[in-house]
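Student: Hi! Could you walk me through this protein?
Tutor: Happy to, let's look at it together.

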Amino acid sequence: MSLTDDRFPSSSSFDLIASSLSDEGQRQDAIKKGAAIFAFTLKNKNGETADWYIDLKETGKVVKGATAPDGKKPNVTLILSDDDFAKMMSGKANAQNLFMKGKLKIKGDVMKATKMEPILTNAQVKAKL
């Protein structure tokens with residue numbers, strides 16, 4: 001099942017992330033490095049928002065929806081525009097710069113947010129192959 005939402009063009013990146021986590025070795029490595037549940041809230045040009053979750057605490061699942069996998073609470077929530085998420089996923093922007101410019105808001109454990117960057121980079125590499 002696709003995680004893409006046509007109202008959020010960059011949401012296709014969540015399919016890439018899920019694909020990169022489909023390999024057992026990569027999933028276990030990501031869980032070891034991430035050790036958290038990450039929530040993403042994207043806002044499109046029409047002002048609509050949508051949520052996705054990546055469970056890097058236990059399962060390595062990527063899901064779309066208003067609640068985290070299996071009803072768990074996210075450790076950190078990243079809130080940004082669809083355009084900025086696309087830039088981050090393409091490597092044209094990084095999370096730290098977006099945060100410093102006020103384009104990325106983080107709720108929860110800010111230190112956990114830094115653990116997400118290698119997982120996103122892995123999905124970027126897979127997309128370029």
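Student: Which residues does alanine 39 touch, not counting residues up to four places away in sequence?
Tutor: Alanine 39 touches Trp52, Tyr53, Pro74, Val76, Thr77 and Leu78, where contact means heavy atoms within 4.5 Å. This is a predicted model, so local features need pLDDT of at least 70, side-chain atom pairs count only at pLDDT 80 or more, and totals for chains, interfaces and linings use all residues. Residues are numbered from 1 along each chain as its sequence is written, and side-chain values use heavy atoms, with hydrogens and water left out.

Student: Where is alanine 39 found?
Tutor: In strand β1; strands (E, at least two residues) and helices (H or I, at least four) are DSSP runs, numbered from the N terminus.

Student: Is alanine 39 buried or exposed?
Tutor: Alanine 39 counts as buried because its relative accessibility is 3%. Buried means under 20% relative accessible area, exposed over 50%, and partly exposed in between (1.4 Å probe, protein chains only).

Student: What separates the C-alpha atoms of alanine 39 and tyrosine 53?
Tutor: A distance of 4.4 Å, although the two residues are 14 residues apart along the chain.

Student: New topic: where is alanine 35?
Tutor: Alanine 35 sits in the loop between α2 and β1. Alanine 35 has a positive phi of about 45°, although it is not a glycine.

Student: And how does alanine 35 count, by its relative accessible area?
Tutor: Alanine 35 is partly exposed, because that area is 34%.
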